[in-house]
Amino acid sequence: RGEIDKELHTKIAKIANNPMIFSVLTAADQLTENTISGIRDYIMQKDHSEVQIDEQHRRLVEAIINNDDRQAELCMSEHMDTIERYMEEMQKKS
């Protein structure tokens, strides 16, 4: 699942057609992979929280396919808020 998550993020960066975003993502590939992997592992340990992340990804992809910039922005914002919340939880438990 971590590899699929990473691939999704990479494809979204390419679709954005923003060389800066793609360059930063590529340069930070290992850090990004470790971060995503660590967060995903943490999420998998929580009760059904992976379903929340998968649903956020699904809605984001749907918004991108439908060229709905506003909905894509809302979905990405919600996703980042969720990930930040999980990262804060992880840090508090460390």
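User: Which residues are buried in H4 of this model?

Analyst: The model is a predicted one. In H4, the buried residues are Ser49, Glu50, Ile53, Gln56, His57, Leu60 and Ala63.

User: What makes them line one face of the helix?

Analyst: Look down the axis of H4: the buried residues fall within an arc of 155°, so they line one face of the helix.

User: Why is His57 called buried?

Analyst: Buried means under 20% relative accessible area. His57 comes in at 8% relative accessibility, so it counts as buried. Its place is in helix H4, residues 49-65.

User: Which residues does His57 touch, leaving out those up to four places away in sequence?

Analyst: Those are Asp5, Leu8, His9, Arg40 and His79.

User: How do you know what span to expect for H4?

Analyst: H4 has 17 residues, and at 1.5 Å a residue the expected span is 24 Å. From first C-alpha to last, H4 reaches 25 Å, which is close to that. Just after H4, Asn67 takes a positive phi of about 55°.

User: How much space lies in the largest pocket, and what lines it?

Analyst: About 720 Å³ of space lies there. The lining has 29 residues, and His9, Ile12, Leu60, Met76 and Met80 are the closest to the pocket's centre. Helices H1, H2, H3, H4 and H5 each give two or more residues to the lining, with H5 giving the largest share, eight residues.

User: What kinds of residues make up that lining?

Analyst: The lining of the largest pocket divides into 19 nonpolar, five polar and five charged residues.

Note on methods
Residues are numbered from 1 along each chain as its sequence is written. This is a predicted model: local features need pLDDT of at least 70, side-chain atom pairs count only at pLDDT 80 or more; totals for chains, interfaces and linings use all residues. Side-chain values use heavy atoms; hydrogens and water are left out. Helices (H or I, at least four residues) and strands (E, at least two) are DSSP runs, numbered from the N terminus. Buried means under 20% relative accessible area, exposed over 50%, partly exposed in between (1.4 Å probe, protein chains only). Contact means heavy atoms within 4.5 Å. On a 1 Å grid over the protein atoms alone, a cavity is a set of points where a 1.4 Å probe fits but cannot get out, and a pocket is an open set with protein on both sides within 12 Å along at least five of seven lines; lining residues have an atom within 4 Å of a point. Grid points are joined across faces, edges and corners, and a volume is the space filled by probe spheres set on the points. Ala, Val, Leu, Ile, Met, Phe, Trp, Tyr, Cys and Pro count as nonpolar, Asp, Glu, Lys and Arg as charged, and the others, Gly among them, as polar. The expected span of a helix is 1.5 Å times one less than its number of residues. The arc is that of the directions from the helix axis to the C-beta atoms.
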